Amino acid sequence: MIEIKRIEVDDCKKELKEALELAWNVFSIFDAPEYPEEGVREFQNYVQYDIIAPRVKREELAIWGAYEGKTLVGMSALRRPSHISLLFVAPKHHRRGIARALFETMLHEVITNSAVQYLSVKSSPYAVDVYRKLGFVAAAEGEQIKNGIRFTTMMYI
């Protein structure tokens, strides 16, 4: 059984580091091979504990972990008020509803705690189909590249 838990900085420094490491590892497998070196560096810099932890403390970013027992198998991050900035599931746990459970947790957070009634994401090429299955639609024409990061802007309303 999968349990979704909020990861806070003060209580869970180890868990936050583990979640960011999971994001980097999954990105390295599925996204990095298709990205230019600049994009790989950009993402690697973004998922550094020293960059993310202050944003979590200031409540600009909310992070959740998906746990199977004590093992972290997925993670997500919501940039306030309603932008998915990270959503990763360990490869051997794909297609088990973990991304959907993390998504539904973020959606509940947005609906309950803000006036906003949508979620946005800049999906990597690998994840576009995953987001479509979750109900997202493309909000802009085609793929874009910024700082080497390839993405398609998508919305869930």
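Rings of Phe, Tyr and Trp (its six-membered ring) are paired here if their centres lie within 6.5 Å, and planes under 30 degrees apart count as stacked, over 60 as edge-to-face and the rest as tilted. The legends describe a predicted model, in which local features need pLDDT of at least 70 and side-chain atom pairs count only at pLDDT 80 or more, while totals for chains, interfaces and linings use all residues. Residues are numbered from 1 along each chain as its sequence is written, and side-chain values use heavy atoms, with hydrogens and water left out.

**View A. Aromatic pairs around phenylalanine 27.** The ring rule gives ten aromatic pairs. Tryptophan 24 and phenylalanine 27 are stacked because their ring centres are 5.8 Å apart and their planes lie at 25°. Both belong to helix H1 (residues 13-30), three residues apart, and are thus separated by about one helical turn; helices (H or I, at least four residues) and strands (E, at least two) are DSSP runs, numbered from the N terminus. Phenylalanine 27 also stacks with phenylalanine 43, with centres 4.0 Å apart and planes at 10°. This second pair links distant parts of the chain, since phenylalanine 43 lies in helix H2 (residues 37-46), 16 residues from phenylalanine 27. Phenylalanine 27 is buried at 2% relative accessible area, and phenylalanine 43 is buried at 10%; buried means under 20%, exposed over 50% and partly exposed in between (1.4 Å probe, protein chains only). One aromatic cluster is formed by Trp24, Phe27, Tyr35, Phe43 and Phe88.

**View B. The salt bridge between arginine 6 and glutamate 109.** A salt bridge places a side-chain nitrogen of Lys or Arg within 4 Å of a carboxyl oxygen of Asp or Glu, and the count comes to nine. Arginine 6 and glutamate 109 meet in such a bridge at 3.9 Å, N to O. The pair joins strand E1 (residues 2-7), which holds arginine 6, to helix H4 (residues 98-113), which holds glutamate 109, across 103 residues. Arginine 6 is partly exposed at 32% relative accessibility, whereas glutamate 109 is buried at 14%.

**View C. The salt bridge between arginine 132 and aspartate 129.** The closest N and O atoms of these side chains are 3.3 Å apart. Arginine 132 and aspartate 129 are three residues apart in helix H5 (residues 128-133), and so are separated by about one helical turn. Arginine 132 is partly exposed, with a relative accessible area of 48%.

**View D. Lysine charges over tyrosine rings.** A charge sits over a ring if NZ of Lys or CZ of Arg is within 6 Å of the ring centre and within 35 degrees of the ring normal. The charged end of lysine 5 lies over the ring of tyrosine 67, 4.5 Å from its centre. Lysine 17 has its charged end over the ring of tyrosine 49, 5.1 Å from the centre.
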